[in-house]
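Here is a quick tour for anyone opening this model for the first time. Have a look at the sequence and the 3D view, then read on.

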Amino acid sequence: MLRVELRRTIALWLPVAIVVVAVAILLMYRAPRMTSAVPWGLDSPGTVEWTRFSLIFLWPIIVGAAAIQGMRESRAGVGELFSSTPRPTAHRALILSLAVGLAVVVGYLLLLVTGLVQVAVHGGMFTAASLVSVVLGFVAVLAGVALGLGVGRLLPHPVTAPALTVLALVATVAGLVATQDASPQGSSVPSWLTDLSVAVSPPESAFLLPSAGFTIGQLCWLSGLTATGLLVLMVRPRARLLAVLPVVAGLTAALLVFPADRAGNLTPDKTASALVCDGPVCVTKLREKWLPTLAGPGKEAIQALQKLPQHPERVEESTESNNYYLRGQRDPARLLVPYSSTTYVPVSDLTAVLLDGAGTPRCIPSHYDSPEEKRETVARWVMQGWLAGSATPPPAKSYQQRDAAELMPPVWTALHALPEQEQIARVAAARQVELTCQGDPLAALTGGAG
Amino acid sequence: MRWLTLYARSRHVPVVVAPLLLSVVLTWWFAEDKWTPFAATLGLGLAVVFAASGLSGQDIDLDRTAGFSWFPRRLAHLLLIGVVAAGVMLAVQEAGDVQVESALIVRDTAGLLGLAGLAAVLFGGQFGWTLPLGWTMLGLGTPDEPETLNRVFTWLRLPADDALSWWLAGVLFVLGAGGYAMAGARR
């Protein structure tokens, strides 16, 4: 029965469509490449989150395809014929939903397995906690199938499938846009509304997990939706009003358990962010393989920073999200280094990168291109060269430094003309400015002369 | 006149008009001052999507027994979709302060019509909406980058002086509209 159904529905095309579209999305967002802070296929949390992100386009496709299947009988005009046969409607509906559901699950599974096999090949880390997102992904695709089948059955019209696909797309995109609204007051859309969406933002941090409240809420809402969709497909027209019950119950339960605000949707992943250390150099458990690379340059950087009176004692991987618009966390006792900032840096340059700004994060977000950003770049660059003990100004390495190159030599010469104690005091003062983000680091280096 | 009414009904023309108009007007309404090629692509894409959901009649075999040539009729149907979609688009945006270039709208309409025709030939008339919607989604979701693959995906919202986008739209139109006019929707 199931085999016949698989062959005569569009079910077999679904996994193909899912994989093709998802691969296109991942390529477009550079998820599998090293440029992304949370790559696809290097560790299980990133892989699972990217796969869930691809639902933003996969989910409308799934809903639309299921709607086409759901209206098959009425479009073919066999509804009356079938209702006169002794075989119950529920039985036919069950096999149809089984076929479509199976196809969708296989498609999503193919994606996950492709990613996770790559994780295994790369020797990346698997965390049990990422299973939560796997489950959420599967529940979301099944809810899409049930919703499509149910609506297709209720409204068998040629415009239904495209309209439902468009509405599903509008819902996922709007949910995503509302959660990414970066204004300081937060989004104008209440968080419970966006929490109902199956779309998740592209992962910014591999160290954050869906929280318990969010997970349970989504499970309730999506399983309610699934149950209602299937009931609409199976029960007689007269009992259809009852089919609304599961989705209402699921929605109520979800609204009760959802976190109060959007920040509560994610919790830190303690297993992945546990530290693994080699002397004063520590990386997270997730990036354990990075430790041998970072250890040498990290120790060199700590050594070079000893020149300053207040210097960090440890190098630690930063577990902060990769958001350019936010000011990074800063700590005078630790040199925090994000994994993403070093992915394209050759090992020979790693020490220099760690010493940039005397081991502090930038205060002014990049991509801003203001005179202040240029001044900060030059100050950080001079601190870096001074700490590395170069005799001449170091060559520009990053695009920001190339942009600010004409400002650098006079500052360098002026600093090195001073007595050594004064040099130390000025670099220490500039480091302090970068740690507090108050004042102008370049003015601190040049003694306030600007 | 009677033939035209029956034809329009069998192609779901009356039911398709409302979603077509709504998608353009609503997109324009929501975009407000952000009426860019991005928003215009979305509105136009959706308009063609709805209009293209009736590219075949109830019974294709019966259609083919007709004593006249379907070629000009199918072509006219497809072109009419384009004229209406682009026309509504151009008319609606006149009401706002910002306008998207007319050349861009013409190019996008041609390409989307081609995709609709292609989908009808490949998958059947009731699936004419799939390819236009798919490429609109792809084009809007792909990040803006100068790489060729990104430009191919986002041709719908590239500036009107971009040669690659015109080539793509042209090829799609010739293939899709020509294929549909000659072969008709898949059985």
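This is a predicted model: local features need pLDDT of at least 70, side-chain atom pairs count only at pLDDT 80 or more; totals for chains, interfaces and linings use all residues.

What follows goes through the interface, the cavities and a few details of chain A.

## Before we start

Residues are numbered from 1 along each chain as its sequence is written, chains are lettered from A and ligands numbered from 1 in the order in which they are written, and side-chain values use heavy atoms, with hydrogens and water left out.

## Where the two chains meet

Chain B puts 22 residues into the contact and chain A puts in 18, with contact meaning heavy atoms within 4.5 Å. Together the chains bury about 1,700 Å², and 79% of that is on carbon and sulfur atoms. Buried area here is the accessible area (1.4 Å probe) that two parts lose on being put together, summed over both. On chain B's side, B:F50, B:W129 and B:M137 supply 31% of the area buried against chain A, more than any other three residues.

What about charges? On the side of chain B that touches chain A, α7(B) gives the most, with four residues. Helices are DSSP runs of H or I with at least four residues, strands are runs of E with at least two, and both are numbered from the N terminus. By class, that side has 14 nonpolar, six polar and two charged residues. Ala, Val, Leu, Ile, Met, Phe, Trp, Tyr, Cys and Pro count as nonpolar, Asp, Glu, Lys and Arg as charged, and the others, Gly among them, as polar.

## Two cavities

How many cavities of 30 Å³ or more are there? The count comes to two. On a 1 Å grid over the protein atoms alone, a cavity is a set of points where a 1.4 Å probe fits but cannot get out, and lining residues have an atom within 4 Å of a point. Grid points are joined across faces, edges and corners, and a volume is the space filled by probe spheres set on the points.

The largest cavity has about 80 Å³. Its lining includes B:R11, B:D63, B:R64 and B:W70, and helix α4 (residues 60-64) of chain B gives the most to that lining, with three residues. The lining divides into five nonpolar, two polar and four charged residues. The second largest cavity holds about 40 Å³ and is lined by A:I25, A:M28, A:Y29, A:F57, B:L138, B:G141 and B:T142.

## Ties within chain A

Over all chains there are 16 salt bridges. One of them joins A:D278 to A:K299, with the closest N and O atoms 3.2 Å apart. A:D278 lies in strand β3 (residues 275-278) and A:K299 in helix α14 (residues 291-305) of chain A, so the pair ties together parts that are 21 residues apart in sequence.

A:A129 sits in the loop between α7 (89-122) and α8 (131-154) of chain A. A:A129 and A:K270 are 141 residues apart in sequence and 9.5 Å apart in space, C-alpha to C-alpha.

Definitions and conventions:
On a 1 Å grid over the protein atoms alone, a cavity is a set of points where a 1.4 Å probe fits but cannot get out, and a pocket is an open set with protein on both sides within 12 Å along at least five of seven lines; lining residues have an atom within 4 Å of a point. A salt bridge is a side-chain nitrogen of Lys or Arg within 4 Å of a carboxyl oxygen of Asp or Glu.
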